[in-house]
2 protein chains.
Amino acid sequence: MNVHKNSNPIGIFDSGIGGLTVLKEIHRQIPGENLIYFGDTARVPYGIKSAETVRRFSREIADYLVRLDIKMLVVACNTASAAALNTLRESLPIPVVGVLMPGAYAASRATHTGRVGVIGTESTVASGAYDRLIRNIRPGTEIFALPCPLFVPLVEEGRLTGEITALVAKEYLSPIKEKKIDTLVLGCTHYPLLKPVIGEVMGGSVTLIDSADETAREVRRVLTKNGLLNLGEIPPRSPLCQKGEGGDLNTGFIRYYVTDAPERFKAIGERFLGYEIPEVGKAEL
Amino acid sequence: MNVHKNSNPIGIFDSGIGGLTVLKEIHRQIPGENLIYFGDTARVPYGIKSAETVRRFSREIADYLVRLDIKMLVVACNTASAAALNTLRESLPIPVVGVLMPGAYAASRATHTGRVGVIGTESTVASGAYDRLIRNIRPGTEIFALPCPLFVPLVEEGRLTGEITALVAKEYLSPIKEKKIDTLVLGCTHYPLLKPVIGEVMGGSVTLIDSADETAREVRRVLTKNGLLNLGEIPPRSPLCQKGEGGDLNTGFIRYYVTDAPERFKAIGERFLGYEIPEVGKAEL
(Lines give C-alpha, C1' and ligand atoms only; values in the text may rest on other atoms or scores of the structure.)
Protein backbone atom coordinates (compact mmCIF):
# COMPACT_ATOMS: atom_id res chain seq x y z
CA MET A 1 0.00 0.00 0.00
CA ASN A 2 2.97 2.33 0.45
CA VAL A 3 3.20 3.41 -3.17
CA HIS A 4 1.34 6.56 -2.13
CA LYS A 5 3.06 9.47 -0.48
CA ASN A 6 1.77 10.24 3.00
CA SER A 7 1.14 13.84 2.01
CA ASN A 8 -1.30 12.70 -0.68
CA PRO A 9 -4.87 13.64 0.14
CA ILE A 10 -7.70 11.48 1.47
CA GLY A 11 -10.71 11.44 -0.89
CA ILE A 12 -14.12 11.74 0.80
CA PHE A 13 -17.32 11.48 -1.19
CA ASP A 14 -21.05 11.76 -0.71
CA SER A 15 -24.10 12.26 -2.93
CA GLY A 16 -24.17 15.90 -1.81
CA ILE A 17 -23.42 17.82 1.33
CA GLY A 18 -24.23 15.24 4.04
CA GLY A 19 -20.71 13.82 3.98
CA LEU A 20 -19.38 17.14 5.22
CA THR A 21 -20.27 15.93 8.74
CA VAL A 22 -17.67 13.19 8.18
CA LEU A 23 -15.14 15.55 6.61
CA LYS A 24 -15.48 17.92 9.56
CA GLU A 25 -14.80 15.14 12.06
CA ILE A 26 -11.80 13.78 10.10
CA HIS A 27 -10.36 17.27 9.89
CA ARG A 28 -10.90 17.76 13.65
CA GLN A 29 -9.33 14.44 14.63
CA ILE A 30 -6.41 14.37 12.17
CA PRO A 31 -5.94 18.01 11.10
CA GLY A 32 -2.59 17.30 9.43
CA GLU A 33 -4.25 15.32 6.63
CA ASN A 34 -4.94 16.86 3.24
CA LEU A 35 -8.55 16.27 2.20
CA ILE A 36 -10.50 16.31 -1.05
CA TYR A 37 -14.28 16.35 -0.72
CA PHE A 38 -16.48 15.31 -3.64
CA GLY A 39 -20.26 15.95 -3.69
CA ASP A 40 -22.30 14.48 -6.59
CA THR A 41 -24.74 17.39 -6.57
CA ALA A 42 -25.84 16.77 -10.17
CA ARG A 43 -27.36 13.44 -9.15
CA VAL A 44 -28.19 13.96 -5.47
CA PRO A 45 -30.03 12.31 -3.66
CA TYR A 46 -28.91 8.67 -3.78
CA GLY A 47 -31.30 7.38 -1.10
CA ILE A 48 -34.23 6.77 -3.46
CA LYS A 49 -32.12 5.19 -6.22
CA SER A 50 -31.33 1.55 -6.93
CA ALA A 51 -28.19 -0.14 -5.59
CA GLU A 52 -27.02 -0.81 -9.16
CA THR A 53 -27.21 2.88 -10.09
CA VAL A 54 -25.57 4.00 -6.84
CA ARG A 55 -22.74 1.52 -7.50
CA ARG A 56 -22.20 2.98 -10.97
CA PHE A 57 -22.15 6.58 -9.64
CA SER A 58 -19.78 5.60 -6.80
CA ARG A 59 -17.39 3.91 -9.20
CA GLU A 60 -17.28 7.00 -11.44
CA ILE A 61 -16.47 9.23 -8.47
CA ALA A 62 -13.84 6.83 -7.10
CA ASP A 63 -12.11 6.78 -10.50
CA TYR A 64 -12.13 10.57 -10.57
CA LEU A 65 -10.58 10.80 -7.10
CA VAL A 66 -7.98 8.13 -7.82
CA ARG A 67 -6.84 10.23 -10.77
CA LEU A 68 -6.26 13.04 -8.23
CA ASP A 69 -3.86 10.66 -6.50
CA ILE A 70 -5.68 10.10 -3.22
CA LYS A 71 -4.07 7.69 -0.74
CA MET A 72 -7.38 6.54 0.78
CA LEU A 73 -11.08 6.71 -0.09
CA VAL A 74 -13.80 7.46 2.48
CA VAL A 75 -17.35 6.67 1.35
CA ALA A 76 -19.05 9.30 3.52
CA CYS A 77 -22.56 8.28 2.49
CA ASN A 78 -24.54 5.45 4.05
CA THR A 79 -26.43 4.68 0.85
CA ALA A 80 -23.23 4.41 -1.20
CA SER A 81 -21.50 2.44 1.57
CA ALA A 82 -24.34 -0.07 1.58
CA ALA A 83 -24.42 -0.39 -2.19
CA ALA A 84 -20.83 0.00 -3.32
CA LEU A 85 -18.26 -0.56 -0.56
CA ASN A 86 -17.39 -4.14 -1.46
CA THR A 87 -17.09 -3.39 -5.17
CA LEU A 88 -14.86 -0.39 -4.47
CA ARG A 89 -12.64 -2.38 -2.10
CA GLU A 90 -12.19 -5.13 -4.67
CA SER A 91 -11.26 -2.80 -7.49
CA LEU A 92 -9.28 0.07 -5.97
CA PRO A 93 -5.55 -0.05 -5.16
CA ILE A 94 -5.99 2.04 -1.96
CA PRO A 95 -7.72 1.49 1.42
CA VAL A 96 -11.46 2.21 1.37
CA VAL A 97 -13.40 3.15 4.53
CA GLY A 98 -17.21 3.33 4.69
CA VAL A 99 -19.54 4.70 7.34
CA LEU A 100 -21.61 1.58 8.08
CA MET A 101 -19.08 -0.56 9.95
CA PRO A 102 -17.93 2.25 12.28
CA GLY A 103 -21.59 3.07 13.03
CA ALA A 104 -22.39 -0.60 13.64
CA TYR A 105 -19.44 -0.98 16.05
CA ALA A 106 -20.36 2.15 17.95
CA ALA A 107 -23.98 1.00 18.28
CA SER A 108 -22.95 -2.49 19.42
CA ARG A 109 -20.77 -0.98 22.15
CA ALA A 110 -23.37 1.57 23.23
CA THR A 111 -26.39 -0.70 23.70
CA HIS A 112 -27.04 -2.28 27.09
CA THR A 113 -30.48 -3.73 26.40
CA GLY A 114 -29.64 -5.09 22.93
CA ARG A 115 -32.51 -3.12 21.41
CA VAL A 116 -31.15 -0.84 18.68
CA GLY A 117 -32.95 1.49 16.28
CA VAL A 118 -31.59 2.41 12.83
CA ILE A 119 -32.86 5.32 10.75
CA GLY A 120 -31.67 6.08 7.22
CA THR A 121 -32.71 6.59 3.62
CA GLU A 122 -35.13 4.19 1.92
CA SER A 123 -32.24 2.53 0.14
CA THR A 124 -30.02 2.09 3.22
CA VAL A 125 -32.88 0.64 5.27
CA ALA A 126 -33.97 -1.65 2.43
CA SER A 127 -30.41 -2.98 2.07
CA GLY A 128 -30.54 -4.37 5.63
CA ALA A 129 -26.80 -3.61 5.87
CA TYR A 130 -26.86 -2.25 9.43
CA ASP A 131 -28.96 -5.20 10.63
CA ARG A 132 -26.41 -7.69 9.29
CA LEU A 133 -23.36 -5.81 10.58
CA ILE A 134 -24.72 -5.18 14.08
CA ARG A 135 -25.95 -8.76 14.45
CA ASN A 136 -22.54 -10.02 13.34
CA ILE A 137 -20.75 -7.92 15.93
CA ARG A 138 -23.31 -8.47 18.71
CA PRO A 139 -25.41 -11.57 18.00
CA GLY A 140 -28.92 -11.48 19.43
CA THR A 141 -29.32 -7.70 19.05
CA GLU A 142 -32.85 -6.72 18.12
CA ILE A 143 -32.86 -4.14 15.33
CA PHE A 144 -35.70 -1.81 14.46
CA ALA A 145 -35.00 -0.02 11.17
CA LEU A 146 -37.04 2.79 9.65
CA PRO A 147 -36.62 5.09 6.63
CA CYS A 148 -37.03 8.85 7.22
CA PRO A 149 -37.20 10.22 3.66
CA LEU A 150 -38.04 13.84 4.52
CA PHE A 151 -35.03 14.35 6.79
CA VAL A 152 -32.62 14.89 3.87
CA PRO A 153 -34.71 17.59 2.15
CA LEU A 154 -35.34 19.26 5.52
CA VAL A 155 -31.58 19.44 6.16
CA GLU A 156 -30.88 20.53 2.57
CA GLU A 157 -33.30 23.40 3.16
CA GLY A 158 -31.52 24.30 6.37
CA ARG A 159 -34.58 23.52 8.53
CA LEU A 160 -32.57 22.07 11.40
CA THR A 161 -35.09 23.23 14.00
CA GLY A 162 -38.61 24.63 14.00
CA GLU A 163 -42.18 23.40 14.13
CA ILE A 164 -42.20 21.48 10.83
CA THR A 165 -38.98 19.57 11.50
CA ALA A 166 -40.15 18.74 15.04
CA LEU A 167 -43.47 17.45 13.71
CA VAL A 168 -41.81 15.30 11.02
CA ALA A 169 -39.35 13.89 13.57
CA LYS A 170 -42.14 13.08 15.99
CA GLU A 171 -44.17 11.32 13.32
CA TYR A 172 -41.24 9.28 11.97
CA LEU A 173 -39.72 8.37 15.31
CA SER A 174 -42.81 7.52 17.37
CA PRO A 175 -43.04 3.90 16.11
CA ILE A 176 -39.36 3.31 16.87
CA LYS A 177 -39.61 4.99 20.27
CA GLU A 178 -42.36 2.53 21.20
CA LYS A 179 -39.86 -0.31 20.71
CA LYS A 180 -38.02 0.78 23.88
CA ILE A 181 -34.62 0.96 22.20
CA ASP A 182 -31.64 2.37 24.13
CA THR A 183 -29.51 3.21 21.08
CA LEU A 184 -30.40 4.87 17.76
CA VAL A 185 -28.06 4.81 14.75
CA LEU A 186 -28.27 8.00 12.66
CA GLY A 187 -27.71 5.99 9.48
CA CYS A 188 -27.42 8.88 7.03
CA THR A 189 -24.69 11.50 7.05
CA HIS A 190 -27.30 14.27 6.91
CA TYR A 191 -29.00 13.21 10.13
CA PRO A 192 -26.39 14.38 12.69
CA LEU A 193 -27.50 17.90 11.80
CA LEU A 194 -30.91 17.04 13.26
CA LYS A 195 -29.46 15.63 16.51
CA PRO A 196 -31.13 18.21 18.78
CA VAL A 197 -34.58 17.55 17.30
CA ILE A 198 -34.12 13.76 17.20
CA GLY A 199 -32.77 13.77 20.77
CA GLU A 200 -35.76 15.79 21.94
CA VAL A 201 -38.19 13.21 20.52
CA MET A 202 -36.25 10.12 21.67
CA GLY A 203 -35.49 11.40 25.18
CA GLY A 204 -32.24 11.48 27.13
CA SER A 205 -32.08 7.72 27.79
CA VAL A 206 -31.45 6.85 24.12
CA THR A 207 -27.84 7.14 22.84
CA LEU A 208 -27.63 8.67 19.35
CA ILE A 209 -24.89 7.11 17.20
CA ASP A 210 -23.35 9.58 14.79
CA SER A 211 -21.05 7.59 12.53
CA ALA A 212 -18.92 10.64 11.63
CA ASP A 213 -16.98 10.49 14.89
CA GLU A 214 -16.42 6.73 14.67
CA THR A 215 -15.56 6.88 10.96
CA ALA A 216 -12.85 9.47 11.61
CA ARG A 217 -11.33 7.14 14.24
CA GLU A 218 -11.41 4.29 11.72
CA VAL A 219 -9.71 6.49 9.12
CA ARG A 220 -6.91 7.24 11.56
CA ARG A 221 -6.59 3.53 12.47
CA VAL A 222 -6.38 2.43 8.83
CA LEU A 223 -3.89 5.18 7.94
CA THR A 224 -1.72 4.21 10.91
CA LYS A 225 -1.89 0.51 10.06
CA ASN A 226 -0.81 1.23 6.48
CA GLY A 227 1.90 3.70 7.49
CA LEU A 228 0.05 6.44 5.64
CA LEU A 229 -0.46 9.12 8.32
CA ASN A 230 0.70 12.52 7.14
CA LEU A 231 3.47 13.43 9.53
CA GLY A 232 5.62 15.35 7.10
CA GLU A 233 5.40 18.51 5.12
CA ILE A 234 2.16 19.95 3.89
CA PRO A 235 2.22 20.87 0.19
CA PRO A 236 1.72 24.46 -0.94
CA ARG A 237 -1.84 25.70 -1.01
CA SER A 238 -3.72 25.74 -4.31
CA PRO A 239 -6.52 28.20 -5.17
CA LEU A 240 -8.97 25.50 -4.12
CA CYS A 241 -7.39 25.08 -0.70
CA GLN A 242 -8.68 26.30 2.56
CA LYS A 243 -7.03 26.72 5.89
CA GLY A 244 -8.22 24.35 8.56
CA GLU A 245 -10.46 25.34 11.41
CA GLY A 246 -7.55 26.08 13.69
CA GLY A 247 -5.68 27.89 10.94
CA ASP A 248 -2.29 26.73 12.20
CA LEU A 249 0.59 25.85 9.93
CA ASN A 250 0.31 22.11 10.45
CA THR A 251 -3.23 21.97 9.15
CA GLY A 252 -3.78 20.20 5.83
CA PHE A 253 -5.67 21.66 2.90
CA ILE A 254 -9.29 20.89 2.06
CA ARG A 255 -10.41 20.98 -1.57
CA TYR A 256 -14.01 20.71 -2.69
CA TYR A 257 -15.43 19.41 -5.96
CA VAL A 258 -19.06 19.05 -6.98
CA THR A 259 -20.76 17.92 -10.19
CA ASP A 260 -23.20 20.85 -10.20
CA ALA A 261 -24.12 24.20 -8.64
CA PRO A 262 -20.90 25.04 -6.74
CA GLU A 263 -22.35 28.26 -5.33
CA ARG A 264 -25.29 26.46 -3.74
CA PHE A 265 -22.91 23.87 -2.27
CA LYS A 266 -20.71 26.62 -0.87
CA ALA A 267 -23.61 28.41 0.82
CA ILE A 268 -25.16 25.30 2.39
CA GLY A 269 -21.77 23.71 3.08
CA GLU A 270 -20.57 26.68 5.10
CA ARG A 271 -23.68 26.44 7.25
CA PHE A 272 -22.83 22.76 7.81
CA LEU A 273 -19.16 23.22 8.57
CA GLY A 274 -19.31 26.45 10.49
CA TYR A 275 -16.30 27.73 8.55
CA GLU A 276 -15.61 29.29 5.20
CA ILE A 277 -15.31 27.35 1.95
CA PRO A 278 -13.14 29.63 -0.19
CA GLU A 279 -13.73 27.87 -3.50
CA VAL A 280 -15.58 24.90 -4.96
CA GLY A 281 -14.46 23.26 -8.20
CA LYS A 282 -16.84 21.86 -10.80
CA ALA A 283 -16.00 18.27 -11.73
CA GLU A 284 -16.89 16.62 -15.05
CA LEU A 285 -17.35 12.88 -14.64
CA MET B 1 -42.92 18.54 -40.35
CA ASN B 2 -44.97 15.82 -42.00
CA VAL B 3 -42.14 13.34 -42.32
CA HIS B 4 -43.51 11.68 -39.19
CA LYS B 5 -46.45 9.33 -39.31
CA ASN B 6 -49.45 10.52 -37.34
CA SER B 7 -49.53 7.24 -35.44
CA ASN B 8 -46.03 7.89 -34.11
CA PRO B 9 -46.01 8.56 -30.39
CA ILE B 10 -45.71 11.84 -28.53
CA GLY B 11 -42.70 11.87 -26.16
CA ILE B 12 -43.31 13.40 -22.73
CA PHE B 13 -40.49 13.84 -20.23
CA ASP B 14 -39.92 14.98 -16.70
CA SER B 15 -37.20 14.63 -14.05
CA GLY B 16 -39.34 12.02 -12.35
CA ILE B 17 -43.02 11.41 -11.78
CA GLY B 18 -44.38 14.98 -11.70
CA GLY B 19 -44.92 15.03 -15.48
CA LEU B 20 -47.49 12.28 -15.13
CA THR B 21 -49.99 15.04 -14.28
CA VAL B 22 -49.38 16.31 -17.84
CA LEU B 23 -49.47 12.84 -19.41
CA LYS B 24 -52.79 12.14 -17.70
CA GLU B 25 -54.36 15.31 -19.06
CA ILE B 26 -53.03 14.72 -22.61
CA HIS B 27 -54.38 11.19 -22.52
CA ARG B 28 -57.76 12.48 -21.30
CA GLN B 29 -58.06 15.22 -23.92
CA ILE B 30 -56.65 13.34 -26.94
CA PRO B 31 -57.00 9.65 -26.03
CA GLY B 32 -56.23 8.49 -29.58
CA GLU B 33 -52.60 9.57 -29.29
CA ASN B 34 -49.84 7.09 -28.54
CA LEU B 35 -47.64 8.32 -25.69
CA ILE B 36 -44.16 7.58 -24.39
CA TYR B 37 -43.38 8.88 -20.93
CA PHE B 38 -39.77 9.31 -19.79
CA GLY B 39 -38.82 9.94 -16.14
CA ASP B 40 -35.16 10.66 -15.33
CA THR B 41 -35.38 8.96 -11.93
CA ALA B 42 -31.61 8.37 -11.72
CA ARG B 43 -31.02 12.12 -11.58
CA VAL B 44 -34.25 13.46 -10.07
CA PRO B 45 -34.82 16.20 -8.82
CA TYR B 46 -33.87 18.90 -11.33
CA GLY B 47 -35.19 21.86 -9.30
CA ILE B 48 -32.01 22.36 -7.25
CA LYS B 49 -29.63 21.92 -10.19
CA SER B 50 -28.03 24.48 -12.52
CA ALA B 51 -29.62 25.47 -15.84
CA GLU B 52 -26.54 24.19 -17.68
CA THR B 53 -26.83 20.74 -16.14
CA VAL B 54 -30.61 20.57 -16.69
CA ARG B 55 -30.04 21.51 -20.35
CA ARG B 56 -27.56 18.67 -20.75
CA PHE B 57 -29.89 16.14 -19.13
CA SER B 58 -32.83 17.36 -21.25
CA ARG B 59 -30.85 17.07 -24.43
CA GLU B 60 -29.84 13.48 -23.63
CA ILE B 61 -33.46 12.52 -22.99
CA ALA B 62 -34.71 14.28 -26.13
CA ASP B 63 -32.13 12.39 -28.22
CA TYR B 64 -33.28 9.11 -26.68
CA LEU B 65 -36.92 9.84 -27.45
CA VAL B 66 -36.19 11.01 -30.99
CA ARG B 67 -34.55 7.64 -31.61
CA LEU B 68 -37.90 6.10 -30.60
CA ASP B 69 -39.39 8.06 -33.50
CA ILE B 70 -41.62 10.48 -31.59
CA LYS B 71 -43.54 13.03 -33.65
CA MET B 72 -43.57 15.69 -30.92
CA LEU B 73 -41.77 16.36 -27.64
CA VAL B 74 -43.53 17.64 -24.51
CA VAL B 75 -41.24 18.99 -21.80
CA ALA B 76 -43.53 18.17 -18.87
CA CYS B 77 -41.27 19.76 -16.28
CA ASN B 78 -41.18 23.45 -15.41
CA THR B 79 -37.48 23.41 -14.49
CA ALA B 80 -36.50 21.77 -17.79
CA SER B 81 -38.86 24.04 -19.75
CA ALA B 82 -37.24 27.12 -18.20
CA ALA B 83 -33.70 25.84 -18.82
CA ALA B 84 -33.86 23.91 -22.08
CA LEU B 85 -36.92 24.70 -24.21
CA ASN B 86 -35.22 27.12 -26.59
CA THR B 87 -32.21 24.86 -27.10
CA LEU B 88 -34.44 21.86 -27.79
CA ARG B 89 -36.60 23.82 -30.25
CA GLU B 90 -33.54 24.98 -32.17
CA SER B 91 -32.02 21.55 -32.45
CA LEU B 92 -34.88 19.07 -32.85
CA PRO B 93 -36.68 18.31 -36.14
CA ILE B 94 -40.10 17.97 -34.41
CA PRO B 95 -42.44 20.36 -32.58
CA VAL B 96 -41.54 20.93 -28.91
CA VAL B 97 -44.12 22.03 -26.32
CA GLY B 98 -43.20 23.18 -22.80
CA VAL B 99 -45.36 23.84 -19.75
CA LEU B 100 -44.41 27.46 -19.04
CA MET B 101 -46.14 29.23 -21.91
CA PRO B 102 -49.47 27.42 -21.46
CA GLY B 103 -49.35 28.23 -17.73
CA ALA B 104 -48.50 31.86 -18.40
CA TYR B 105 -51.40 32.21 -20.86
CA ALA B 106 -53.85 30.61 -18.45
CA ALA B 107 -52.72 32.90 -15.61
CA SER B 108 -52.94 36.00 -17.79
CA ARG B 109 -56.49 35.14 -18.75
CA ALA B 110 -57.54 34.23 -15.22
CA THR B 111 -56.36 37.33 -13.34
CA HIS B 112 -58.71 40.28 -12.90
CA THR B 113 -56.63 42.34 -10.49
CA GLY B 114 -53.31 41.81 -12.31
CA ARG B 115 -51.73 40.42 -9.15
CA VAL B 116 -50.40 36.91 -9.85
CA GLY B 117 -48.45 34.52 -7.64
CA VAL B 118 -46.05 31.89 -8.99
CA ILE B 119 -44.73 28.95 -6.97
CA GLY B 120 -42.15 26.48 -8.26
CA THR B 121 -38.76 24.92 -7.64
CA GLU B 122 -35.76 27.05 -6.70
CA SER B 123 -34.45 26.80 -10.24
CA THR B 124 -37.74 27.75 -11.96
CA VAL B 125 -38.29 30.73 -9.67
CA ALA B 126 -34.66 31.88 -10.04
CA SER B 127 -34.97 31.72 -13.85
CA GLY B 128 -37.67 34.41 -13.78
CA ALA B 129 -39.24 32.68 -16.79
CA TYR B 130 -42.86 32.98 -15.66
CA ASP B 131 -42.39 36.66 -14.80
CA ARG B 132 -41.12 37.43 -18.31
CA LEU B 133 -43.77 35.37 -20.10
CA ILE B 134 -46.73 36.70 -18.10
CA ARG B 135 -45.56 40.32 -18.40
CA ASN B 136 -45.15 39.84 -22.16
CA ILE B 137 -48.69 38.54 -22.52
CA ARG B 138 -50.25 40.95 -20.03
CA PRO B 139 -48.03 44.00 -19.50
CA GLY B 140 -48.30 45.61 -16.08
CA THR B 141 -49.06 42.36 -14.24
CA GLU B 142 -47.51 42.26 -10.80
CA ILE B 143 -45.82 38.91 -10.17
CA PHE B 144 -44.95 37.47 -6.76
CA ALA B 145 -42.76 34.37 -7.16
CA LEU B 146 -41.70 32.00 -4.39
CA PRO B 147 -39.85 28.67 -4.29
CA CYS B 148 -41.46 25.83 -2.30
CA PRO B 149 -38.64 23.26 -2.10
CA LEU B 150 -40.32 20.79 0.25
CA PHE B 151 -43.42 20.33 -1.92
CA VAL B 152 -41.67 17.89 -4.30
CA PRO B 153 -40.38 15.53 -1.56
CA LEU B 154 -43.77 15.70 0.17
CA VAL B 155 -45.48 14.60 -3.04
CA GLU B 156 -42.82 11.97 -3.75
CA GLU B 157 -43.54 10.56 -0.31
CA GLY B 158 -47.26 10.52 -1.06
CA ARG B 159 -48.05 13.06 1.69
CA LEU B 160 -50.76 14.83 -0.30
CA THR B 161 -52.73 15.69 2.83
CA GLY B 162 -52.15 15.62 6.58
CA GLU B 163 -50.83 17.87 9.31
CA ILE B 164 -47.22 18.18 8.07
CA THR B 165 -48.17 19.04 4.48
CA ALA B 166 -50.74 21.56 5.73
CA LEU B 167 -48.16 23.19 7.99
CA VAL B 168 -45.54 23.40 5.22
CA ALA B 169 -48.11 24.85 2.79
CA LYS B 170 -49.21 27.43 5.33
CA GLU B 171 -45.64 28.51 6.05
CA TYR B 172 -44.63 28.75 2.38
CA LEU B 173 -47.79 30.40 1.13
CA SER B 174 -48.46 32.97 3.87
CA PRO B 175 -46.12 35.62 2.42
CA ILE B 176 -47.69 35.25 -1.03
CA LYS B 177 -51.22 35.30 0.39
CA GLU B 178 -50.48 38.66 2.00
CA LYS B 179 -49.85 40.08 -1.49
CA LYS B 180 -53.59 39.86 -2.23
CA ILE B 181 -53.12 37.93 -5.46
CA ASP B 182 -56.20 36.57 -7.29
CA THR B 183 -54.33 33.89 -9.32
CA LEU B 184 -51.63 31.41 -8.34
CA VAL B 185 -49.57 29.48 -10.91
CA LEU B 186 -48.64 25.98 -9.73
CA GLY B 187 -45.31 26.23 -11.54
CA CYS B 188 -44.11 22.66 -10.97
CA THR B 189 -45.77 19.56 -12.36
CA HIS B 190 -45.76 17.98 -8.89
CA TYR B 191 -47.83 20.73 -7.32
CA PRO B 192 -51.27 19.95 -8.81
CA LEU B 193 -51.28 16.90 -6.50
CA LEU B 194 -51.31 19.34 -3.58
CA LYS B 195 -54.21 21.40 -4.97
CA PRO B 196 -56.59 20.64 -2.08
CA VAL B 197 -54.04 21.73 0.56
CA ILE B 198 -52.88 24.77 -1.44
CA GLY B 199 -56.49 25.79 -2.13
CA GLU B 200 -57.31 25.50 1.57
CA VAL B 201 -54.50 27.91 2.49
CA MET B 202 -55.12 30.39 -0.35
CA GLY B 203 -58.89 30.49 0.01
CA GLY B 204 -61.63 30.18 -2.60
CA SER B 205 -61.08 33.60 -4.18
CA VAL B 206 -57.68 32.65 -5.64
CA THR B 207 -57.67 30.74 -8.95
CA LEU B 208 -55.09 27.95 -9.03
CA ILE B 209 -53.46 27.51 -12.47
CA ASP B 210 -52.52 23.93 -13.21
CA SER B 211 -50.54 23.97 -16.43
CA ALA B 212 -51.30 20.31 -17.25
CA ASP B 213 -54.77 21.15 -18.58
CA GLU B 214 -53.53 24.10 -20.64
CA THR B 215 -50.48 22.18 -21.90
CA ALA B 216 -52.69 19.37 -23.21
CA ARG B 217 -54.75 21.93 -25.15
CA GLU B 218 -51.55 23.38 -26.59
CA VAL B 219 -50.40 19.88 -27.61
CA ARG B 220 -53.66 19.34 -29.49
CA ARG B 221 -53.40 22.79 -31.16
CA VAL B 222 -49.82 22.18 -32.32
CA LEU B 223 -50.64 18.66 -33.57
CA THR B 224 -53.63 20.01 -35.50
CA LYS B 225 -51.63 22.89 -36.97
CA ASN B 226 -48.95 20.47 -38.17
CA GLY B 227 -51.43 17.89 -39.47
CA LEU B 228 -50.12 15.38 -36.94
CA LEU B 229 -53.25 14.35 -35.00
CA ASN B 230 -53.60 10.60 -34.84
CA LEU B 231 -56.85 9.89 -36.62
CA GLY B 232 -55.88 6.56 -38.10
CA GLU B 233 -55.06 3.12 -36.92
CA ILE B 234 -53.49 2.40 -33.58
CA PRO B 235 -50.46 0.11 -33.79
CA PRO B 236 -50.45 -3.28 -32.10
CA ARG B 237 -49.74 -3.26 -28.39
CA SER B 238 -46.25 -4.04 -27.15
CA PRO B 239 -45.45 -5.60 -23.79
CA LEU B 240 -44.81 -2.08 -22.47
CA CYS B 241 -48.21 -0.81 -23.61
CA GLN B 242 -51.15 -0.09 -21.45
CA LYS B 243 -54.77 0.35 -22.28
CA GLY B 244 -56.09 3.85 -21.78
CA GLU B 245 -58.34 4.85 -18.95
CA GLY B 246 -61.46 4.16 -20.90
CA GLY B 247 -60.05 0.94 -22.31
CA ASP B 248 -61.84 1.38 -25.62
CA LEU B 249 -60.32 0.32 -28.94
CA ASN B 250 -59.54 3.84 -30.11
CA THR B 251 -57.31 4.57 -27.17
CA GLY B 252 -53.59 4.90 -27.86
CA PHE B 253 -50.85 3.09 -26.01
CA ILE B 254 -48.81 4.55 -23.17
CA ARG B 255 -45.23 3.35 -22.64
CA TYR B 256 -43.09 4.28 -19.68
CA TYR B 257 -39.30 4.50 -19.40
CA VAL B 258 -37.20 5.56 -16.44
CA THR B 259 -33.47 5.76 -15.83
CA ASP B 260 -33.67 4.03 -12.45
CA ALA B 261 -35.87 2.10 -10.01
CA PRO B 262 -38.80 1.13 -12.30
CA GLU B 263 -40.70 -0.57 -9.46
CA ARG B 264 -40.67 2.56 -7.32
CA PHE B 265 -41.87 4.60 -10.31
CA LYS B 266 -44.66 2.13 -10.95
CA ALA B 267 -45.89 2.21 -7.35
CA ILE B 268 -45.86 6.00 -6.99
CA GLY B 269 -46.97 6.55 -10.60
CA GLU B 270 -50.09 4.48 -10.19
CA ARG B 271 -51.03 6.56 -7.16
CA PHE B 272 -50.61 9.66 -9.33
CA LEU B 273 -52.50 8.39 -12.34
CA GLY B 274 -55.24 6.47 -10.62
CA TYR B 275 -54.79 3.62 -13.09
CA GLU B 276 -52.46 0.71 -13.58
CA ILE B 277 -49.01 0.94 -15.12
CA PRO B 278 -48.45 -2.59 -16.47
CA GLU B 279 -44.74 -2.26 -17.13
CA VAL B 280 -41.92 0.27 -16.88
CA GLY B 281 -38.80 -0.03 -19.05
CA LYS B 282 -35.32 0.89 -17.85
CA ALA B 283 -33.59 3.30 -20.21
CA GLU B 284 -29.80 3.64 -20.57
CA LEU B 285 -28.86 7.15 -21.62
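Helices are DSSP runs (H or I) of at least four residues, numbered from the N terminus.

## Basis of the report

This is a predicted model, in which local features need pLDDT of at least 70 and side-chain atom pairs count only at pLDDT 80 or more, while totals for chains, interfaces and linings use all residues. Residues are numbered from 1 along each chain as its sequence is written, chains are lettered from A in the order in which they are written, and side-chain values use heavy atoms, with hydrogens and water left out.

## A helical salt bridge in chain B

In chain B, Glu214(B) forms a salt bridge (a side-chain nitrogen of Lys or Arg within 4 Å of a carboxyl oxygen of Asp or Glu) with Arg217(B), and their closest N and O atoms are 4.0 Å apart. Glu214(B) and Arg217(B) are separated by about one helical turn, because they lie three residues apart in helix H10 (residues 211-225) of chain B.

Accessibility is classed with a 1.4 Å probe on protein chains only: buried means under 20% relative accessible area, exposed over 50%, and partly exposed in between. Glu214(B) is buried, at 8%, whereas Arg217(B) is partly exposed, at 40%.

Arg56(A) and Glu60(A) meet in a salt bridge of 3.8 Å, N to O. Both residues lie in helix H2 of chain A, four residues apart. Arg56(A) is partly exposed at 40%, as is Glu60(A) at 27%.

Relative accessible area is 30% for Arg59(A) and 28% for Asp63(A).

## The interface between the chains

Contact (heavy atoms within 4.5 Å) involves 29 residues of chain A and 29 residues of chain B. Six salt bridges are counted between the two chains. One of the side-chain pairs that meet in a salt bridge is Arg159(A) with Glu171(B), at 2.9 Å from N to O. On the side of chain A that touches chain B, helices H2 (51-67), H7 (151-156) and H8 (163-177) each supply at least two residues. The largest share of that side, six residues, comes from H8(A).
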